[in-house]
Amino acid sequence: MGLFDLFRSRPKNTASVAAERLRIIVMQERSADGRGSPDYLPMMRREILEVIRKYVNVDPEAIDIHVTREGEGEVLELSVALPEKTSPPVAG
Amino acid sequence: MTEIIVVTSGKGGVGKTTSSASLAVGLARRGKKVAVIDFDVGLRNLDLIMGCERRVVYDFVNVIQGECTLKQALIKDKRIDTLYVLAASQTRDKDALSKEGVERVLSELAEDGFDYVICDSPAGIEKGASLAMYFADRAIVVVNPEVSSVRDSDRILGLLASKTRRAEQGGSGVEQHLLLTRYNPERVANGDMMGVNDVKEILGIEVLGVIPESAGVLTASNSGVPVILDEASDAGQAYADAVARLCGEERPMRFVDAQKKGLLARIFGS
């Protein structure tokens with residue numbers, strides 16, 4: 001990196017984006033072919049989504065799942081982007 | 001006791017044949033009797049990387065189909081006495097390899113006192129790849145620090161854990177190692193490439209070695225000399241380290257950290 005590069009905006013760290021995407025896809029594919037840890041994950045994801053949708057009308061795409069490793073344990077982080085104006089719950 | 005090692009990856013072009021050739025040479029250089037077999041029927045290339053393409057008379061499929069003896073088909077390396085190459089056939093018949101045939105060749109190699117048989121797998125998850133891994137005691141999964149290669153490697157890990165003789169027998173299964181190739185420490189330092197720890201954590205298996213991206217790999221294949229024999233090249237040294245680890249020795253990982261640039265280089269760029 002030269003002097004002039006300092007003034008350019010640094011692009012996002014794509015390596016960490018890659019690692020993050022792979023953590024998710026590898027976990028999903030491992031559970032799909034019955035390997036390793038939680039095969040309840042896709043079902044849990046669906047059920048959590050259903051519960052949230054009882055109260056807030058969120059788009060299924062607005063759910064983001066991250067798995068990170070902290071020390072020995074894994075942390076499952078689920079973030080839901082709520083719509084700007086709260087829509088009334090779906091009837092029924 | 002013969003150990004069967006498969007060198008596999010799922011994705012093509014990541015360095016399976018380069019790695020098979022260098023690992024075979026490295027083990028043979030340590031006095032082990034080694035056979036390296038090309039399982040890529042129809043797309044033979046190990047002979048070129050080993051530099052013995054003009055000496056191929058009979059191939060793996062000829063042996064399996066009883067058209068010659070195993071002894072006739074094994075090509076003795078000109079550099080190392082204890083190293084033999086078994087070339088793939090260039091036939092277009094996809095079913096030329098059979099499980100029984102492969103098993104027969106492997107057990108004959110065991111009877112002949114080979115210490116190691118390296119199975120150079122084709123890319124993909126078709127018959128050639130599944131036969132290359134089926135009888136393995138150990139698997140070396142070659143992976144580039146790149147999304148599609150890492151994902152495909154994980155598919156291969158799944159197959160190793162289910163579609164191999166050791167998996168079917170229960171017990172401890174196939175011992176698995178990662179071999180990272182085309183590693184570029186500068187790009188890792190810049191955040192443009194996943195690091196060895198990222199890949200290791202995602203796939204959850206131990207790393208046997210990290211081979212840096214190196215001009216030496218191409219010049220080695222150009223001349224048919226496995227890169228491990230180029231002792232001046234960083235890739236060659238990294239393969240030698242990986243072979244040592246395979247033999248149970250401890251070696252620190254080299255070539256994983258970016259070279260520190262001098263002040264002038266940092267100011268003016270490189």
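Predicted model: local features only at pLDDT ≥ 70, side-chain atom pairs only at ≥ 80, totals over all residues.

User: Is B:F39 buried or exposed, and what is its relative accessible area?

Analyst: B:F39 is buried, where buried stands for a relative accessible area under 20%, exposed for over 50% and partly exposed for anything in between, using a 1.4 Å probe and protein chains only. The relative accessible area of B:F39 is 1%.

User: What pLDDT do local features need in this model?

Analyst: Residues are numbered from 1 along each chain as its sequence is written, while chains are lettered from A and ligands numbered from 1 in the order in which they are written.

User: Is the aromatic pair of B:F39 and B:F60 stacked or edge-to-face?

Analyst: Over all chains, the structure holds three aromatic pairs, a pair being two rings of Phe, Tyr or Trp (its six-membered ring) whose centres lie within 6.5 Å, with planes under 30 degrees apart called stacked, over 60 edge-to-face and the rest tilted. For B:F39 and B:F60 the centres are 5.1 Å apart and the angle between the planes is 75°, so by these cut-offs the pair is edge-to-face.

User: How many residues separate B:F39 from B:F60, and where do they lie?

Analyst: B:F39 sits in the loop between strand 2 (34-38) and helix 2 (46-50) of chain B, and B:F60 in helix 3 (residues 60-64) of chain B; helices (H or I, at least four residues) and strands (E, at least two) are DSSP runs numbered from the N terminus. B:F60 is buried, with a relative accessible area of 0%.

User: What is the angle between the ring planes of B:Y134 and B:F135?

Analyst: Both B:Y134 and B:F135 are buried. Their ring centres are 4.9 Å apart, and the pair is edge-to-face because the planes stand at 85°.

User: Are helix 1 of chain A and helix 7 of chain B roughly parallel or oblique to each other?

Analyst: Helix 1 (residues 14-32) of chain A and helix 7 (residues 147-160) of chain B have axes 10 Å apart and pack at about 25°, where axes are lines fitted to C-alpha atoms, for helices over the stretch in contact, and angles run from 0 to 180 degrees between N-to-C directions. Angles under 35 degrees count as roughly parallel, over 145 as roughly antiparallel, 65 to 115 as roughly perpendicular and the rest as oblique. These two helices are therefore roughly parallel.

User: How many charged residues are in the contact of helix 1 of chain A with helix 7 of chain B?

Analyst: Contact means heavy atoms within 4.5 Å, and the residues that make it include A:R21, A:E29 and A:R30 of helix 1 of chain A and B:R151, B:D154 and B:R155 of helix 7 of chain B. Ala, Val, Leu, Ile, Met, Phe, Trp, Tyr, Cys and Pro count as nonpolar, Asp, Glu, Lys and Arg as charged, and the others, Gly among them, as polar. The division is seven nonpolar, no polar and, for charged residues, six.

User: How many charged residues are in the contact of helix 1 of chain B with helix 12 of chain B?

Analyst: The axes of helix 1 (residues 16-29) of chain B and helix 12 of chain B come within 9 Å and cross at roughly 60°, and the two helices are therefore oblique to each other. Their contact involves, among others, B:L23 and B:R29 of helix 1 and B:Y239 and B:V243 of helix 12. By class there are seven nonpolar residues, four polar and, for charged, one.

User: What is the relative accessible area of B:I140?

Analyst: B:I140 belongs to strand 6 (residues 138-143) of chain B. Apart from neighbours within four places in sequence, its contacts include B:V6, B:L23, B:L179 and B:L246. B:I140 is buried, and its relative accessible area is 0%.

User: What is the relative accessible area of B:R182, a residue with positive phi?

Analyst: Most residues other than glycine have a negative phi. B:R182, in strand 7 (residues 175-183) of chain B, has a phi near 55°. B:R182 is partly exposed, at 44%.

Key
Heavy atoms only, no water.
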